[in-house]
There are 2 protein chains.
Amino acid sequence: MKKHVTSSVALGLVVTSFMVSANEPIETIKPVKEINLAQVELGKKLYFDPRLSKSGFISCNSCHNLSMGGTDNLKTSIGHNWQQGPINAPTVLNSSLNLAQFWDGRAADLKAQAGGPIANPGEMASSHTLAIDVIQSIPQYVREFKQVFGHDKVSIDEVTQAIAEFEKTLVTPNSPFDQWLMGDKDAITEYELSGYALFKNSGCVACHNGEAVGGNSFQKMGVVEAYQAKGNAEGLSAVTGKDADRFKFKVPTLRNVELTYPYFHDGEAESLTEAVDLMGRLQLGRKFSEDETARIVAFLKTLTGDQPNFQLPQLPPSTDATPKPQPFDS
Amino acid sequence: MKKHVTSSVALGLVVTSFMVSANEPIETIKPVKEINLAQVELGKKLYFDPRLSKSGFISCNSCHNLSMGGTDNLKTSIGHNWQQGPINAPTVLNSSLNLAQFWDGRAADLKAQAGGPIANPGEMASSHTLAIDVIQSIPQYVREFKQVFGHDKVSIDEVTQAIAEFEKTLVTPNSPFDQWLMGDKDAITEYELSGYALFKNSGCVACHNGEAVGGNSFQKMGVVEAYQAKGNAEGLSAVTGKDADRFKFKVPTLRNVELTYPYFHDGEAESLTEAVDLMGRLQLGRKFSEDETARIVAFLKTLTGDQPNFQLPQLPPSTDATPKPQPFDS
């Protein structure tokens, strides 16, 4: 701490015990670079297009709703034919910062992830072949794909590439906490800052750190105390086949956590208060007092950044040749 | 015709046999006036908010999707628990121009309509009480209602008023046909214009006229030839109790009809070609040739106007006090 005080004083800044340090375990969200804007605009349409589902009713945005923190705010999602999903839909916001996609990390990146739900019988219940047939039947899409990718053939590769490129734009910079990290000491209150101190000192930052305040490691759910999960999700072991990876899940980002309720892979924690209390006991072996929990929750709410801000996309209409949606035949 | 030719020549305009006349049975869409912008912004949020449904999954926009012509492009809609709706979801676009709402006109206006689906067990499956409880639990909503309506109490009356005010903004002016009506003779092609001539001369305009090209009368489905409807919808008689009103439905607007497939109250006509052919035979006793149908379809596609153009709304988050969505308990 000494060193920082010295340099800050040299710069003429006001020094507090919570002063901004280059060594903070949480980093500001960096601006997105090298974005292909034409792919983004195409991907945005596809993200909102329910014709990628068998029913014609479910789009990416249905469960990763960009009006609601990039989630559906349900414990587990609703899929084709109102099937109950096995796991909580993670937020798409800042998902480009994750070390891998899905709770168990089974997709290496956003592009690999995007094809999954389309063909999952419990989610959008289409197939890549059918989704491409739909797109190929819509001249406005065909033209846009040609313009964006430079060739006539549309395949799932271009579809997922465009969706992933759009998703890369869904970062949420400029939260009060980022403003504080950038040097605006009034961006958050002393109370919120005391929550951040608890968050750091209690060990939460061991897993929730970096740009996304999470998303960069797999950790066992229930380190100190076993977690009684709802559902059958086994976590990373489903991918690695290693027994040691059972109940290891990707640490979720805490960015915009105020908006991404309910919490945990099974969505069983309905409030931030409940989630913080459980994390303390299960992962850290620590029972936070009511006051401590409230301060940490107050800090967590400073992580809500600028939400996606764009015009509602307009989708090109189907044609007589477009395969018809099949909402009720299964 | 003489009078118009004279006056046009006097104005130095080029005169064609399809010249614009003040007597055209279709009128341009008038600018929307006397809009309460604060109500619109609040109503826009509510329109996109799935928490008005029991499941937390279905919003107004689910079935009246503003990315897709204000419809769901399904024969009949998907409701709570994937229930199959009894009737095709009519477009919300230009619905303020309708003489009444719903296919059978059972709601006098948009405000009266908006409360229906929220409490319909087959649609959003909530209740007005529950929807208000949800809203009252969200401080950002409570503040906005107070600001907009000037009092603390939120009731279904303010909710439907705000949604209706938003819906009043969803008009689609500036279609190629409107541009033609306003005097730009190059706005539509000779081929499209020949379709309009057929549309007028064959009698389609008897019902499809005015600003919305429909929406201003109830007519029997199957005047000349009986229509074999799918589903049990009986039409206006369900409202009036009069046997003479059986199978009378509100004439749908043809504005944006290229986007609002499939067609008719049961959604059984999948293409415009099919719809025009059937209307000719059932309502007019006329079998259009393939060429005639194609021309009318080409004309109908000139009725696609400026689509809604606004930022995707951001919804205020629920709180610990907010009643939880119940997607799977029924």
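Chain A and chain B bury about 3,900 Å² between them, and 63% of that area lies on carbon and sulfur atoms. On the chain A side, Phe57(A), Trp82(A) and Phe328(A) lose the most area to chain B, together 23% of what that side buries. Keep in mind as you look around that this is a predicted model.

## Where the two chains meet

Chain A brings 46 residues to the contact, and chain B brings 46 residues as well. What kinds of contact cross this interface? The rule finds 16 residue pairs in polar contact, with both residues at pLDDT 80 or more. For salt bridges between chain A and chain B, the count is 0.

Now let us turn to the aromatic rings. Over all chains, the structure holds 30 aromatic pairs. A pair of aromatic rings is described by the distance of the centres and the angle of the planes. Here are two of the pairs:

| Pair | Centre to centre | Angle between planes | Geometry |
|---|---|---|---|
| Phe166(A) and Phe310(A) | 5.7 Å | 80° | edge-to-face |
| Phe166(B) and Phe310(B) | 5.7 Å | 80° | edge-to-face |

Why is the pair of Phe166(B) and Phe310(B) called edge-to-face? Planes over 60 degrees apart count as edge-to-face, and the planes of Phe166(B) and Phe310(B) are at 80°, so this pair belongs to that group.

Where do these rings sit along the chain? Phe166(A) lies in helix 7 (residues 156-168) of chain A, while Phe310(A) lies in the segment after helix 12 (290-300) of chain A, so the pair ties together parts that are 144 residues apart in sequence. In chain B, Phe166(B) is in helix 7 (residues 156-168) and Phe310(B) is in the segment after helix 12 (290-300), so this pair also ties together parts that are 144 residues apart in sequence.

In chain B, Phe166(B) and Phe310(B) are both buried.

Aromatic rings can also join in a group. In chain A, ring pairs link Phe177(A), Trp180(A), Tyr196(A), Phe199(A) and Phe299(A) into a cluster.

Notes:
Residues are numbered from 1 along each chain as its sequence is written. Chains are lettered from A and ligands numbered from 1 in the order in which they are written. This is a predicted model: local features need pLDDT of at least 70, side-chain atom pairs count only at pLDDT 80 or more; totals for chains, interfaces and linings use all residues. Side-chain values use heavy atoms; hydrogens and water are left out. Contact means heavy atoms within 4.5 Å. Buried area is the accessible area (1.4 Å probe) that two parts lose on being put together, summed over both. A salt bridge is a side-chain nitrogen of Lys or Arg within 4 Å of a carboxyl oxygen of Asp or Glu. A polar contact is a pair of N or O atoms within 3.5 Å; within protein, one must be able to donate a hydrogen and the other to accept it, and residues adjacent in sequence count only if both atoms are side-chain atoms. Rings of Phe, Tyr and Trp (its six-membered ring) pair if their centres lie within 6.5 Å; planes under 30 degrees apart count as stacked, over 60 as edge-to-face and the rest as tilted. Helices (H or I, at least four residues) and strands (E, at least two) are DSSP runs, numbered from the N terminus. Buried means under 20% relative accessible area, exposed over 50%, partly exposed in between (1.4 Å probe, protein chains only).
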